Amino acid sequence: MFLYGLTLQRSSSITHAVHGNFSGTKQQEIAVSRGKLLELLKPDPNTGKVHILITVEVFGEIRSLMAFRLTGGNKDYVVCGSDSGKIAILEYIPNKNKFEKIHLETFGKSGCRRIVPGQFLAIDPKGRAVMIGAIEKQKLVYILNRDSQARLTISSPLEAHKANTFVYHMVGIDVGFENPMFACLELDYEEADILTFNLNTDISREILYLLQTLTFYELDLGLNHVVRKYSEPLEDRANHLISVPGGNDGPGGVLVCAENYITYKNFGDQPDIRTPIPRRRQNDLDDPERGMLVVCSATHKTKSMYFFLLQTEQGDMFKVTLETDEDMVTEIRLKYFDTVPIATAMCVLRTGFLFVAAEMGNHCLYQIAHLGDDDDETEFSSAMPLEEGDTFFYAPRALRNLVLVDELDSLSPIMACQISDLANEDTPQLYVTCGRGPRSSLRILRHGLEVSEMAVSELPGNPNAVWTVKIREDEEYDSYIIVSFVNATLVLSIGETVEEVTDSGFLGTTPTLSCSLLGENALVQVYPDGIRHIRADKRVNEWKTPGKKTILKCAVNQRQVVIALTGGELVYFEMDQTGQLNEYTERKEMNSEVVCMDLSKVPPAEQRTRFLAVGLADNTVRIISLDPTDCLQPLSMQALPATPESVCIIEIGGGEDETGAQKASGGLVLNIGLQNGVLLRTTLDSVTGDLSDTRTRYLGTRAVKLFRVQTQCPFTTLFIVFLLQGSDAVLAMSSRTWLSYQHQNRFHLTPLSYESLEFASGFASEQCPEGIVAISANTLRILALEKLGTVFNQASTSLQYTPRRFAVHPDSGNLIILETDHNTYTEETKENRKQQMAEVGIILLESLPEDKFGSSKAGPGMWSSQIRIVNPQSGETVQKIYLEQNEAAVSIALCKFASHGETIFVLVGVACELLINPRQARGGGEIHTYSINEEGTKLELVHKTVVDEVPSAICPYQGRVLIGVGKLLRIYDLGKKKMLRKCENKYIPNYIASIQAIGHRIIVCDVQESVHWVRYRRHENQLVVFADDTYPRWVTSATVLDWNSVAVADKFGNITVVRASNSSLFSQCEVLCMYHIGETVLSLQKTTLIPGGSEAIVYTTVSGGIGMLVPFTSHEDHDFFQHLEMHMRNESPPLLGRDHLAYRSYYFPVKNVIDGDLCELFNSMEGSKQKSIAEELDRVPSEVSKKLEDIRTRYA
């Protein structure tokens, strides 16, 4: 078995985010890491939308990320710490839209190791040095400078190691232009180590009594070495450091964020300033003894002021300012700012935006509307007298200082996924439960681009076509919408509103075949009886058709008009220098009826386009020359498998050549829509007009109509305007509407998640700069496509607790979801607690919405669960069943029992009083048996069965049920008062993670010891293990592939295909395939994603990624991709220096899996490299691209 790995949706969680001027312009961008991806985001200051400029797969783990700028520079660089054992300094090159390695310095072994630096990064605020540190022992400092050509240079590393020392955090101290300094939170465990060795005790217990230290390291630029300048023990355990602006901007020093306290520290005579972290007023049920930590911070500095935004683990943000007296800090002031989702990183931009990279769920961009200086919120100060242990209190509230302007969808973490066509749409949907706690959701993912409906208006009849035109060439936005009916044409003007106009010069009493801007300021209207040329001063020139002939088809652009008369006669018109439309002297007789035609756009600085594409009824498309030397002469022809319905010539993006200079064009592509629902894309040679490299895709059951639209990206910086703005795209309409476009150097053909349309045109107005105007039945619709590059669109339903598992009711399609949260109260317990508190005189304020402010923390060992039935199409919750306090629902299955015919029962495994570490169900477990009605809307409890361990996995088996109770595998049958145990196996080593059954074989996955094959011997009533895997795998999910094979995923991010032999005697397993994904996989399924497609293994990850492993159907294909992967490893090494083969073999050597993500980088390589790789493979670059596209479209 050979597999090909494809990513369908990249990871959506963000682990690090930094902002800076990476493109060298005034506007700020945000560089984010998504585990193994590096991405550059650009918030549009006008619309507030966040756009993705570039996404790079680094084939490694990004452990730390910082931005820095050399003194006097105008652009920021990105510095990355990763698992490559190298420090990487990257520069964003805007006109190439790519990150380039400036430096890649090796300092240690690869992998995420305790003593190899990469986990922590700290930058000197003046950009003179960078410190990179490990979790333990090692720290290195690199000096950054410029050479005589103003290029960035990096020194050899200077060591600042200290053995037996843990590091918790590190920052660069702002000391102006004095020697650079770095502050580290450290813990020296040498003493605890000696005690542990001598007294034979547990080191974790000894470490609890040690004090952390705040240590300052100074880089002496004169002596070129690093010294430990100063170290001071800390009273409280700290977790976070914040550098305070220094030099001429502020007092310098650091804010030390510890449990319950924030302390300001600096050198010299500066006394420590300490203030407690304020707590929410007694309006929640939190344990009052619970500590409070700062989890995230952001600093904003201007020439005149600075402030800090700190976020606590409840999501509440505080604005922190320091009061100074002659460079001495006298007090810390805190003020409650607002509450946002708990973040891994926050960035305050100069444009007044706050970017919040959420730990779980969607990421948010907020506009800072107020700085909170002049509101009535209480300001707390370190100068206020308080007893030790006391704190300040505040009342959380809805957003006041922030306004949410955009959200970036994030599926992280995907807890469970099932793929099925429950909505009867022909294409399967992905039903994923994701998120954590009250921000959890059920999301339905459909393959397609999300469409925003800007406006819908009814028309007086059913139109058959629509266009938009500008009045002048230099105008940014369209002026008219022209709507054609069977016997009339309606002209609408575009402004604040869309209104009918009568003085446009268009003939309104006839249908229109096409219209366009002609020249600089004239319009042309083609209708069945002639051509109407409307000049800017409203003078009209008419050309009438000869005799009884009518115009059947036409093609127009800015300077040319071609019409096809009845009988297949082509007439060509071209505009001269005076603006007059002149007919070419000769006409061209085609030997068959013309069914469609198209002209490409006039290239910049040229008089005309050279090519006309004509589709004929004899199942051919012909390219006709419009060059004056051989006008209307045929250049090439393509035979088609069916009659063409429409043709469209587009220009694909230019990009840069090998020298970095901008190319004029990437070439012409002829799109041909056939009447049998197939789209052909053929390369059109821009010199000879030859057609080559045809690619085919079936789109739907209706004939394919094609329309040229613009997919503009609203980036107006000087460098990238050529690369990204105004790239041509094609809307292809069949039974479903598809968009064919280039995005981030990659071709996409994606359906729109919208009802079917009949005709469309590009649309640009002030309110919607890159929209589409379309008609459907008797309505005119203005649509916008904002999320280009995405594969799925989402419909979301909120949940109350973290969703753990779900099952699908087969008859109704309803989902039965188990929601379970640790450290929370059930609704009933909350009410009881509130009554108890009211009895002792504590009056609770109104309860806050938990999805915004989080739920009350009940303490470890406290669980709340519910079973929810959801109708996935309407999002409506049909039924909720609350479990009792400290009951945690962990497993679910739908079962039919032999004694009860076709009746479906829902079995839910429940753990009672579960402790997580060490895992122990103090109250044992229960199996709840529910009956469900035929409509799938109501569960009724039949009985509860007490078991002595956690019922972790349930699987129906031959009219009975298999249940994993801790490490025991049991068969149960349904009794009247409880489940009846029939058989048991005690030989699974640790804890059963999942159970699958195929025929009489049972596949049991252990949480730590991989897969076991079990057989049930009915006559002896025994469960016998007959095969197992020799490698320890910490299994998170598994799916059966066939009688002998199973795919398993482990918590370290590996997917393995294991096969047992056919022998019934005890045997070991053979590993067929092995592949490191790089993210923990929580669900695996063997399924198809497109109707009629081949089966593949689809996986989802805890980071929100979705991917698939697809089988090769021929050895020839496997051989080709194996060689392509080998060449790509050499020609396109990973950005951060990780060895690609070593990365995919992180825990076990990669086996029989080709990395499709690496192979697909071929399309974004320079032309010369593409050519050399293709020659090695005995192909041309277009053939390699076609192979890559084919394997993706075959499966997804």
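Predicted model: local features only at pLDDT ≥ 70, side-chain atom pairs only at ≥ 80, totals over all residues.
Residues are numbered from 1 along each chain as its sequence is written, and side-chain values use heavy atoms, with hydrogens and water left out.

**α6 with α9**
- The axes of α6 and α9 (residues 1167-1176) come within 10 Å and cross at roughly 145°; axes are lines fitted to C-alpha atoms, for helices over the stretch in contact, with angles from 0 to 180 degrees between N-to-C directions.
- On the α6 side, L1124, H1127, M1128 and E1131 meet K1169, I1173 and E1176 of α9, where contact means heavy atoms within 4.5 Å.

**α6 with α10**
- Here the axes of α6 (residues 1115-1131) and α10 (residues 1181-1195) come within 12 Å, crossing at roughly 120°.
- This crossing of α6 and α10 is left-handed.
- D1117, F1120, F1121 and L1124 of α6 touch V1184, K1187, L1188, I1191 and R1194 of α10.

**N21**
- N21 sits in the loop between β2 (16-20) and β3 (29-33).
- N21 counts as buried because its relative accessibility is 4%, the cut-off being under 20% relative accessible area (1.4 Å probe, protein chains only).
- Its side chain reaches the backbone oxygen of T25 at 3.1 Å.
- Beyond neighbours within four places in sequence, the contacts of N21 include R69, D76 and R350.

Notes. Helix = DSSP H or I, 4+ residues; strand = E, 2+ residues; numbered from the N terminus. Left-handed = near helix turned anticlockwise from the far one by under 90°. Buried < 20%, exposed > 50% of the residue type's maximum accessible area, 1.4 Å probe, protein only. Polar contact = N/O pair within 3.5 Å; in protein donor to acceptor, adjacent residues only side chain to side chain.
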